[in-house]
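Here is a short briefing to read alongside the sequence and the 3D view. We start with charged side chains, then move on to the core and the rings.

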Amino acid sequence: QVQLVELGGGLVQAGGPPRPSCATSGRIFSGYAMAWFRQAPGKEREFVAVIKWSGSTAYYADSVKGRFTIFRDNAKNPVYLQMSSLKPGDTALYYCAADSAAPYSGSVRRDRYYYDYWGQGSQVTVSS
């Protein structure tokens, strides 16, 4: 069974250092597309970034493109979200998620309904 645990997060100043990472356990993690989503209070959970199982392809939401980088190290299991140029609008609960439907494929889906494993979320609060 795949388990996901977000680490990091916290209170950062605008423009401050990146934070969250996602530790995983489970024998099939390395073959899954992994993604980050976020949810701000009163808003829908939205896509942030997704990375192919091999790490060779990644896609980003327009709101974070050029500021966030998703990367993974399959030898160590975690997937990371490196953040820069943070804004107060980035304040949200950040979730990592795994798409197990098509392991070792080119799947890099952005719709949260395709993701069947989720972490508990890590709060990132950006102060101005």
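Glutamate 44 is exposed in this predicted model, because its relative accessible area of 57% is over the 50% cut-off. Its side chain meets that of arginine 112 in a salt bridge, 3.0 Å from N to O. Glutamate 44 sits in the loop between β4 and β5 and arginine 112 in the loop between β9 and β10, so the pair ties together parts that are 68 residues apart in sequence. Arginine 112, for its part, is partly exposed at 23% relative accessibility.

**Other salt bridges**

- The structure holds 6 salt bridges, and the one between glutamate 44 and arginine 112 is among them.
- Aspartate 62 pairs with lysine 65 in a salt bridge, with the closest N and O atoms 3.1 Å apart. Aspartate 62 counts as exposed, at 66% relative accessibility.
- Another salt bridge brings together the side chains of aspartate 99 and arginine 109, at 3.0 Å from N to O. This pair links distant parts of the chain, with aspartate 99 in strand β9 and arginine 109 in the loop between β9 and β10, 10 residues apart.
- Is aspartate 99 buried or exposed? It counts as buried, because its relative accessibility of 2% is under the 20% cut-off. Arginine 109 is partly exposed, with a relative accessible area of 25%.

**Arginine 38 and its network**

- Arginine 38 lies in strand β4, which spans residues 33-39, and it counts as buried at 5% relative accessibility.
- Which residues join arginine 38 in a network of salt bridges? Arg38, Glu46, Arg67 and Asp90 are linked in this way.
- The side chain of arginine 38 makes a polar contact of 2.7 Å with the side chain of glutamate 46, and one of 2.9 Å with that of aspartate 90.
- Beyond its neighbours within four places in sequence, arginine 38 is in contact with residues including Glu44, Arg45, Val48, Phe68 and Tyr94.

**The nonpolar core**

- The largest nonpolar core has 32 residues. Those with the most contacts inside it are Met34, Trp36, Val48, Phe68, Ile70, Leu81 and Tyr94.
- Two or more residues of this core come from each of β4, β5 (46-51), β7 (68-72), β8 (79-83), β9 (92-99) and β11 (122-127).

**Aromatic rings**

- The count comes to 8 aromatic pairs. In one of them, the rings of tryptophan 53 and tyrosine 104 have centres 4.9 Å apart and planes at 70°, so the pair is edge-to-face.
- Tryptophan 53 is in the loop between β5 and β6 (58-60) and tyrosine 104 in the loop between β9 and β10 (117-118), so to speak distant parts of the chain, 51 residues apart.
- Tryptophan 53 is partly exposed, with a relative accessible area of 26%, and tyrosine 104 is partly exposed as well, at 48%.
- The rings of phenylalanine 71 and tyrosine 80 have centres 4.9 Å apart and planes at 20°, so this pair is stacked. Phenylalanine 71 is partly exposed at 32% relative accessibility, and tyrosine 80 is partly exposed at 26%.
- Ring pairs also link Phe37, Phe47, Tyr95, Tyr115 and Trp118 into a cluster.

**A charge over two rings**

- The charged end of arginine 45 sits over the ring of tyrosine 95, 3.7 Å from its centre.
- Arginine 45 also lies over the face of tryptophan 118, at 4.8 Å from the ring centre.

Note on methods
Residues are numbered from 1 along each chain as its sequence is written. This is a predicted model: local features need pLDDT of at least 70, side-chain atom pairs count only at pLDDT 80 or more; totals for chains, interfaces and linings use all residues. Side-chain values use heavy atoms; hydrogens and water are left out. Helices (H or I, at least four residues) and strands (E, at least two) are DSSP runs, numbered from the N terminus. Buried means under 20% relative accessible area, exposed over 50%, partly exposed in between (1.4 Å probe, protein chains only). A polar contact is a pair of N or O atoms within 3.5 Å; within protein, one must be able to donate a hydrogen and the other to accept it, and residues adjacent in sequence count only if both atoms are side-chain atoms. Contact means heavy atoms within 4.5 Å. A nonpolar core is a set of buried Ala, Val, Leu, Ile, Met, Phe, Trp, Tyr and Cys residues joined through side-chain atoms within 4.5 Å. Rings of Phe, Tyr and Trp (its six-membered ring) pair if their centres lie within 6.5 Å; planes under 30 degrees apart count as stacked, over 60 as edge-to-face and the rest as tilted. A charge sits over a ring if NZ of Lys or CZ of Arg is within 6 Å of the ring centre and within 35 degrees of the ring normal. A salt bridge is a side-chain nitrogen of Lys or Arg within 4 Å of a carboxyl oxygen of Asp or Glu.
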